[in-house]
Amino acid sequence: GAFSAIRTLRQLATRRWGALYLPCCEIEDFPRFGWSGLMMDEARHFYGKAAVMRMLDVMADHKLNVLHWHLADNEGWRLPIEGIPSPREAYSRDDLREIVAFARARHIRIVPEFDLPGHARALVRARPDLTCFPGGTGAPEGAVDNVVCPGKDATVAFLRQLVSSLADLFPDSEFIHLGGDEVARGAWDQSPAVQALMKRENLKNAHEGNEYYISRISDILYKRGILIEGWQE
């Protein structure tokens, strides 16, 4: 409350003849919504630390308290995860910790988003072992190269590693946005690993396979006290 009041005073102040003036008024103010957010997509266009901090300052001036920060998609993987070669434009762990502290000082919560199991072209180019058909060998015609394989132990191990890193880098986040939309599941239908998974877990089709994968991620996060968000698809 005190932080917001100071921001309001700054907005009301005007400078005249070398002095600051405030109007004589009484303000009774409260947020209409507990979640007042802005989304910033750096998977598709990398702005960098200075631009994000400037955005956080502007958000604080407008009493916005949630930054939905999209950091991984087909076009780019901006998260520093061990074992994944860092792209030309990505954040370091120190960068992210600095930005999180900067947001915390302005009472802004960051909700990071990484998109899985689809929208993952940048990831699978760095880690082709996470796909059903690495290098395209044996891939069915029309298979999309942006989907990870839920039937592989390597994929589950990567998920645990990713969640552990996100929980460390974003300790204030109660939510992580998973994405989960536009998953091209054609490759799964002909993947021996996925077919074995479906048989083992009694899944009827690839759609249920996708739900199983999302549930696995959700369970891993939930054990750390984190809830998932996702696109409704």
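1. Contact here means heavy atoms within 4.5 Å. Helices are DSSP runs of H or I with at least four residues, strands are runs of E with at least two, and both are numbered from the N terminus.

2. A word on the model before going on. It is predicted, so local features need pLDDT of at least 70 and side-chain atom pairs count only at pLDDT 80 or more, while totals for chains, interfaces and linings use all residues. Residues are numbered from 1 along each chain as its sequence is written, and side-chain values use heavy atoms, leaving out hydrogens and water.

3. Which residues of α7 are buried? In this helix (residues 192-201) they are V194, L197 and M198. Seen down the axis of α7, these buried residues fall within an arc of 95°, so they line one face of the helix. The arc is taken from the directions from the helix axis to the C-beta atoms. Buried means under 20% relative accessible area, exposed means over 50%, and partly exposed is in between (1.4 Å probe, protein chains only).

4. As a general rule, an α-helix has 3.6 residues a turn, so residues three or four places apart point the same way. On the other side of α7, P192, K199 and R200 are exposed. Just after the helix, N202 takes a positive phi of about 60°.

5. Now look at D73, in the loop between β4 (66-72) and α3 (93-105). D73 has 2% relative accessibility, so this residue counts as buried. Its side chain makes a polar contact with the side chain of H119 at 2.8 Å. A polar contact is a pair of N or O atoms within 3.5 Å; within protein, one must be able to donate a hydrogen and the other to accept it, and residues adjacent in sequence count only if both atoms are side-chain atoms. Leaving aside neighbours within four places in sequence, D73 also touches other residues, including A43, R44 and D115.

6. P112, in strand β5 (residues 109-114), counts as buried because its relative accessibility is 1%. Setting aside neighbours within four places in sequence, its contacts include W69, L71 and F170.

7. Finally, the whole chain. The protein chain has eight helices and seven strands, and 42% of its 233 residues count as buried. Its C-alpha trace spans about 75 × 35 × 30 Å along the principal axes.
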